[in-house]
Amino acid sequence: MRDPEAPSLVRLPEHVVLEILARVPGVADLFRCAAARKRWRDLVTEPSFLRRRWPEGACHCSSLVGFLGRERRRGGEGPPGSSFVRAPGSVLGPGRPLLGSFVPGAAGLLDDRVVPLASHRGVLLVRFGAGAETEAEAEPEPCVDRLAVCNLLSGACHVLPPLRCDWFFDYFGTSAHAVLTGEDCCPDDGQRQSPDPASFKVLVVGVSDDRRHYVLRTFSSGEPGWSAPSECFDPVERGIFGPFKRRSAVVSHGTAHWVLWDLVKFHVLDVNAATRHASLQELQTPPPAGDLPLYESPHLSVAPNKAATLSSLCLSSQDPQVEIWTRRDGGKGSDEDRGGDWRRDRVVEITPEQNQIVDRPRCMCAGDRSGTLLITDRCRCMYILHLESGAMEEVTDHLRGLRDYKTAMAVEIDWPAFFVCRLLGGKAHV
C-alpha cells in the first residue's frame, strides 16, 4: 500500500493547497479533507486559515445547525421533552440526530426526551429524565433537577450532580439557566493561557427556599458539587415579580444576561460568572401605540465579534420590521437602573418573499452567530429572517416538527473552535 505521505502525493506548493482547501464548499467536506492527512490538518487549523474561512465579526449561516423545541403548545402532540429539527442547509444530513452525531457519549444515557435549557458556542445544557412522569411506575424524585452538559465541540457529555431545590424554585417560570465555556470564564487580560476546551460553568437562577429572594447556584467542571446559593436580588425591594421572558441566557464577557418582566417594564439581569455579582437594569423598548403594544417581548443577542455587543431585538407585530437596541457598555454590565445605556441602533426592514403574508409574527428564538431569527405567526407558519439583509424565507415544511412548540432554541456551532478541538484534541471524527 502506498504511503499517504509519500513525496509523489505532496508535490503541490503549499499556497496552492491552501487555495484548494479554501474553496472546498461544505463544512463537512472541509473537515474530512483536514482529517485525511496531517499536512492538510495543519493548514486548515492555522488561525489565519480559520479567520479567512469564517471572518471574525461576521455572521455565518453555516453556524446554524438546527433548532430544539422548548415549550410545547397546550394540546401539542407527542411525548414531553424536546424535538430537534435541522435547519435548511444544515451540515447534518436528513434524519441525523443532534446528540448522536456530535456527542457519542450521550448515546444510551440521554434520550429524545431531554429538555434544552441553555445553549452557547456549541455547548448545550439539558434536563434529562423529563419523560419519567409519564410512566405510572416511575414517579420523579421530588426537589431534584437532573442536568447534563453536552459539548458539541469535543463530543463529551457530563452528567452534573443532582441539584436539590425547593419545589417553589421553578414556580411559574421563575428559574433560568446559562452555560459558559472555558473561553468565557478566562479573564481577557492579554496574558491568559489557552483555556481548556472541555471546561464549562453552569449558572442556575431561581427562587430561594424561603420564597423571599432570587438566588444563584453554580457548577464548574472539575468541582465536586454545586455552590451554595447566593442572593441575586430581592423581588419585593425591586418590585419585580414577573417571570423570565427568555429563560436561556445570552453570554458576553463572562456575564450571563436574562430578560425579566415586572408586568409593565422589561429588565436585564446581569450575573458575572466569576464574581457571582448580579445587577438589574431597565431595558428600553419601542414605545406602544396607545394601549396596544406594537412590539413583542424583546430578545437579547450578542454580536459575534470581540466587542460582543449586547443588543435587544424587538420584532414588530404589525409593521414588517425589527428594531435593534444596543447597550453602550458592550454587555459587560453597568450600574443598576441606568436605562439610558440603551440606544436605538438600527431598524431592519423585512422583505418577505413574493406573495408572502405574515399574520402577527412572533419570534421563537434568535441565532447570534448566524444572524437569524426564527419567526412563527398566528397560522403557525415558520420563517427564518436574516438580520443583515432583511430577507425572510418561509420554512414551514422544513421545520414542521416545531409547529407544536411555543419557543425554540437555536443550536449553533463555533466552527473554528470545533475544527481546533476535534482535529488537534485527538477526536477527529464527525
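Over the ring of which residue does the charged end of R37 sit, and how far is it from the centre of that ring? Please continue from there to the aromatic pairs.

Modeller: The model is a predicted one. W54 in turn belongs to an aromatic cluster, which it forms with F31, F102, W415, F418 and F419.

As for the pairs, a pair of aromatic rings is described by the distance of the centres and the angle of the planes. The count for the model comes to 12 aromatic pairs. One of the pairs is edge-to-face because the planes of F102 and F418 stand at 80°, over the cut-off of 60 degrees; the ring centres of F102 and F418 are 6.0 Å apart. Since F102 belongs to helix α5 (residues 98–102) and F418 to helix α8 (residues 415–424), this pair ties together parts that are 316 residues apart in sequence. Both F102 and F418 are buried.

F418 also pairs with W415: the ring centres are 5.2 Å apart and the planes lie at 85°, so this pair too is edge-to-face. Here both partners, W415 and F418, lie in helix α8, three residues apart, which is about one turn of the helix. W415, like F418, is buried.

Definitions and conventions:
Residues are numbered from 1 along each chain as its sequence is written. This is a predicted model: local features need pLDDT of at least 70, side-chain atom pairs count only at pLDDT 80 or more; totals for chains, interfaces and linings use all residues. Side-chain values use heavy atoms; hydrogens and water are left out. Rings of Phe, Tyr and Trp (its six-membered ring) pair if their centres lie within 6.5 Å; planes under 30 degrees apart count as stacked, over 60 as edge-to-face and the rest as tilted. Helices (H or I, at least four residues) and strands (E, at least two) are DSSP runs, numbered from the N terminus. Buried means under 20% relative accessible area, exposed over 50%, partly exposed in between (1.4 Å probe, protein chains only).
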